[in-house]
Amino acid sequence: MTEARRPPEVDRAAASRRAVAARRERAALKRDVSTRVITPQELLRRALADPESPAGAMRMPEFLTAIPAIGEGKRDRILTDLAISPVKRLGGLGARQRRDLMEFLDRRWPEPQPRAGRSRLVVLAGPTAVGKGTVAAYIKEHHPEIRLSVSATTRPPRPGEVEGEHYYFVDDAEFDRLVESGALLEHATVHNRYRYGTPRAPLEKVLAEGGTALLEIDLQGARQVRAADPSATLVFLLPPSWDELVDRLVGRGTEDAEERARRLRTARSELAAQNEFDYRVVNDDVATAAEEVVALAR
Ligand SMILES: Nc1nc2c(ncn2[C@@H]2O[C@H](COP(=O)(O)OP(=O)(O)O)[C@@H](O)[C@H]2O)c(=O)[nH]1
Ligand SMILES: Nc1ncnc2c1ncn2[C@@H]1O[C@H](COP(=O)(O)OP(=O)(O)O)[C@@H](O)[C@H]1O
């Protein structure tokens with residue numbers, strides 16, 4: 001059947017399927033903003049770049065209430081202050097409205113700015129299952145000159161893990177001794193279970209020789225490194241979207257449903273800490289993300 005002769009109910013069914021898909025895409029985008037996987041400014045930039053995209057089709061009230069800390073009352077005040085009608089779509093904003101909205105967002109939720117003069121001590125952190133281990137493994141394989149720190153942990157080795165290569169596997173008493181003797185630059189209990197820590201001596205050696213050291217550690221550890229060495233380079237790895245983060249966690253298949261739910265709650269609070277970092281890198285494609293981290297490490 002040709003396009004012209006298709007009965008109207010077929011067109012209507014197709015249109016309704018498209019409307020459902022568009023609503024779903026807008027809901028996913030709102031989730032990305034509310035979980036801080038993307039900044040409101042990023043969503044606005046996407047809408048302005050392509051007014052026909054799901055971001056461009058989003059109405060102002062939907063957009064504003066997706067931003068953490070904006071409820072319905074604040075939303076209406078903001079619309080009045082910016083003199084933007086609630087029926088406006090992001091893609092249809094006029095030049096003045098775009099500028100005023102962007103300035104408002106920058107004032108209220110400044111995006112993190114790279115900090116100059118960073119050292120060669122590089123920390124890679126980010127929410128669970130974003131791909132920290134995968135990106136770190138890629139860097140280790142393709143850029144062996146960047147030395148990946150080997151942590152001590154009380155977690156038992158998994159099949160195939162090699163002592164001294166993946167971790168130093170120690171018991172609780174030995175971990176206590178490492179902490180008490182000051183042998184660890186930082187240490188933390190991760191996911192409420194096992195303890196992990198970064199041995200200080202190998203790091204100091206790499207840095208003293210002018211090398212670059214990469215630490216793949218959790219957020220608590222990243223904060224301790226920042227406190228110990230304010231010039232450390234802190235890189236936050238972001239997923240391309242919240243839904244993709246959930247898919248990666250499920251796809252990895254290493255946690256049961258209850259543990260996954262717990263980790264996703266932690267992930268939300270970790271994403272809220274991304275402004276403490278010097279740089280943010282989106283892990284869409286592993287090689288691209290890894291090369292970005294390497295470029296920052298240099
Ligand atoms: N603070 C801190 N966290 C670490 C250290 N080593 C690894 N981690 C974190 O511990 C978590 C668990 O790592 P791992 O046991 O390899 O399990 P998986 O990431 O769930 O496969 C990850 O989030 C790592 O970033 C460390 O030395 N210090
Ligand atoms: N860029 C990517 N694209 C698709 N899948 C990825 C990507 N990076 C990592 N993954 C997958 O996501 C899952 C979580 O990655 P992992 O490195 O274990 O995360 P983390 O160390 O941050 O907990 C793994 O199954 C991994 O293969």
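# A guided tour of the predicted model

Begin by selecting helix 6 (132-142) and helix 12 (residues 286-297), whose axes come within 9 Å and cross at roughly 70 degrees. Helices here are DSSP runs of H or I with at least four residues, strands are E runs of at least two, and both are numbered from the N terminus. Axes are lines fitted to C-alpha atoms, for helices over the stretch in contact, and angles run from 0 to 180 degrees between N-to-C directions. The angle therefore makes helix 6 roughly perpendicular to helix 12 (65 to 115 degrees; under 35 counts as roughly parallel, over 145 as roughly antiparallel, and the rest as oblique).

This is a predicted model, in which local features need pLDDT of at least 70, side-chain atom pairs count only at pLDDT 80 or more, and totals for chains, interfaces and linings use all residues. Residues are numbered from 1 along each chain as its sequence is written, while chains are lettered from A and ligands numbered from 1 in the order in which they are written.

Remain at this pair and display the side chains. Thr 134, Val 135, Tyr 138 and Ile 139 in helix 6 meet Val 286, Ala 287, Ala 289, Ala 290, Val 293 and Val 294 in helix 12; contact requires C-beta atoms, placed from the backbone, within 7 Å. Nine of these residues are nonpolar, one is polar and none is charged. In this classification Ala, Val, Leu, Ile, Met, Phe, Trp, Tyr, Cys and Pro are nonpolar, Asp, Glu, Lys and Arg are charged, and the others, Gly among them, are polar.

**Ligand 2**

Next, select ligand 2, which is surrounded by 14 residues, the closest being Gly 131, Lys 132, Gly 133, Thr 134 and Arg 248. A residue is counted when its C-beta atom, placed from the backbone, lies within 6 Å of the molecule. Helix 6 and helix 10 (242-252) each give two or more residues to this shell. The shell holds three nonpolar, six polar and five charged residues.

**Ligand 1**

Move to ligand 1, with 15 residues around it; Ser 151, Ala 188, Tyr 196, Ile 217 and Gly 221 come nearest. Two or more residues each are given by helix 6, strand 5 (184-190), strand 6 (194-199) and helix 9 (219-228). Four residues of this shell are nonpolar, six polar and five charged.

**Helices 10 and 11**

Now select helix 10 with helix 11 (residues 257-271): the two pack at an angle of about 145 degrees, with their axes 11 Å apart. Leu 245, Val 246, Leu 249 and Val 250 in helix 10 meet Arg 260, Arg 263, Leu 264 and Ala 267 in helix 11. This contact has six nonpolar, no polar and two charged residues.

**Helices 2 and 5**

Turn to helix 2 (residues 40-49) and helix 5 (residues 95-108), whose axes come within 10 Å and cross at roughly 160 degrees. Helix 2 is therefore roughly antiparallel to helix 5. Pro 40, Gln 41, Leu 44 and Leu 48 in helix 2 meet Arg 98, Leu 101, Met 102, Leu 105 and Asp 106 in helix 5.

**The annotated region**

Finally, select residues 119-298, where UniProt, in an unreviewed entry, places the feature "domain: Guanylate kinase-like". UniProt positions follow the numbering used here, feature names are shortened, and annotations may be inferred rather than shown by experiment. Over residues 119-298 the chain is 43% helix and 23% strand, with the end C-alpha atoms 9 Å apart.

Methods. Two residues are in contact if their C-beta atoms, placed from the backbone, lie within 7 Å.
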